Amino acid sequence: MDFGFTDEQEAFRAALREFGAKELAPHYRADDVAARMRPELPAAMAGMGLTGLRIPERFGGQDADAVTTGLAAEEISRADFNSCYLLLNSALVAEILLAGATEEQLSRWLPPLARGETVPALVLTEPDRGSDAAHLGLRAEPDGDGWRLVGEKTSISLGMYAHVGAVFARTGPEGARGVSAFMVDMTDPALSRTALDDLGSRAIGRASLYFDGVRVGPEDMVGEAGEGFRAVMRGFDYSRAVIGLMCLGVASAALDDALDYAREREAFGQPIGRFQGLAFPLVEFATQVRAARHLCYEALSLKDSGKDPAVPANMAKWWAPKLSVDAVHQALLTFGHAGWSTDNPVGQRLRDVIGLEIGDGTAQIAKLVVARHLLGREYAP
Ligand SMILES: Cc1cc2nc3c(=O)[nH]c(=O)nc-3n(C[C@H](O)[C@H](O)[C@H](O)COP(=O)(O)OP(=O)(O)OC[C@H]3O[C@@H](n4cnc5c(N)ncnc54)[C@H](O)[C@@H]3O)c2cc1C
């Protein structure tokens, strides 16, 4: 399998690196301290095509392949991990829409998403149901030709900023086949939200959402009734590799900074990089990060060639966030006392990247998916 990037992809990477250095990295810490998303960020991301990557050109998007989307995620996260949630949410929600929505619905929802005018949220998790999402309990109660949504969701990234949400609710019996997907106007007066006070990714935050009879019609349902759970799981099968690259982008940036520091910082009369006890752990993490990148890109190129990416994507989801946490931790230790200061981005990178050991499914759930493929479905719990 060839993982070489085309000249066009390399040019896009170079443009993103410049954009990240100028427009994103300078705000990484300040946005964390302020615990808010800069209002101008979605338009800036859209200006680089990053909110429309997976959206067809006829709806104003870039029609980028999955590999290019992963490359963009990796590059943006090097500069500002949190801005990349805008890319991720748009790509994931677009994927769900393209799999099930009608042409009329696509024309309604995709163009403003691509232009960065509407920020999307993926609204799946509930206070009592996270990993076991097939048994979610948000009720879609019949109301005329539509439904009213009643219940609570939580842990929704960008939940305080999103204009639309891909919301998963129960229209049918208990279990996966009773779950349907709706695109919901998040400004509906029957929907209220409260912000969570998080350890990391504070610039984009998470929210709890309260649905007090939010009205949705057949025109808001994506795909057939009972198709919602399958749609989101199909989306996860590929977005997990994009998430892997988000985390590995942060790990690479932290390791690069640590290597620079190891060349300059002196102890016992010589650069600390000359001590193998310091250099070898960095080499070991650089090796593993490189291997994990290949796994992510394998999943994305499978997706591009119409093959099932589930095994490498879920391998990437359990491995890449954990590996990145460990690599960033090692980078932090390389800086000694300087790594403990908030002047150095390494501590924030560590807090931020831990979140994606949980978000979009924990390591255990990703391993369950892989086990199902390796052992056979009859071994699924
Ligand atoms: C940074 C971040 C961003 C997020 N963004 C979103 C978002 O945008 N939209 C959204 O809907 N949700 C989001 N989430 C929620 C996330 O998807 C859930 O937290 C996750 O799926 C786990 O669910 P839970 O927290 O309810 O844990 P639980 O399901 O209660 O699990 C608790 C622990 O038990 C383990 N466990 C559960 N079942 C099994 C099993 N069968 N075998 C072994 N171990 C098991 C889990 O791995 C975990 O360690 C986000 C979470 C975080 C931290």
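**Reading the model around N89**

Student: Which residues does N89 touch, not counting those up to four places away in sequence?
Tutor: N89 touches P120, A121, L122, S157 and L158. Contact means heavy atoms within 4.5 Å.

Student: What kind of model is this, and how is it numbered?
Tutor: It is a predicted model, where local features need pLDDT of at least 70 and side-chain atom pairs count only at pLDDT 80 or more, while totals for chains, interfaces and linings use all residues. Residues are numbered from 1 along each chain as its sequence is written, and side-chain values use heavy atoms, leaving out hydrogens and water.

Student: Back to N89. Where does it lie?
Tutor: In helix α5, residues 84-100. Helices (H or I, at least four residues) and strands (E, at least two) are DSSP runs, numbered from the N terminus.

Student: Is N89 buried or exposed?
Tutor: Buried, because its relative accessible area is 6%. Buried means under 20%, exposed over 50%, and partly exposed in between (1.4 Å probe, protein chains only).

Student: What does the N89 side chain reach?
Tutor: The backbone oxygen of P120, at 2.9 Å.

Student: New topic. How many residues has the largest nonpolar core?
Tutor: The count is 88, and L50, F81 and F211 are among those with the most contacts inside it. Helix α7 (residues 228-264) gives the largest share, 15 residues. A nonpolar core is a set of buried Ala, Val, Leu, Ile, Met, Phe, Trp, Tyr and Cys residues joined through side-chain atoms within 4.5 Å.

Student: What lies apart from that core?
Tutor: Another core, of 29 residues, including L97 and V232.

Student: And what does F211 touch?
Tutor: Its contacts, leaving out residues up to four places away in sequence, include V123, L149, V184 and L191.

Student: Where is G137 found?
Tutor: In the loop between β1 (120-123) and β2 (139-143). G137 is partly exposed, with a relative accessible area of 39%. The C-alpha atoms of G137 and R170 are separated by 6.3 Å, though the two residues are 33 apart along the chain.

Student: Zooming out, how many helices and strands does the protein have?
Tutor: There are 11 helices and 10 strands. Buried residues make up 53% of the 381 residues.

Student: What box do the C-alpha atoms fill?
Tutor: Roughly 80 × 45 × 40 Å, taken along the principal axes.

Student: How far apart in sequence are the residues that contacts join?
Tutor: Among contacts between residues at least 6 apart in sequence, 74% join residues at least 24 apart.

Technical notes. Polar contact = N/O pair within 3.5 Å; in protein donor to acceptor, adjacent residues only side chain to side chain.
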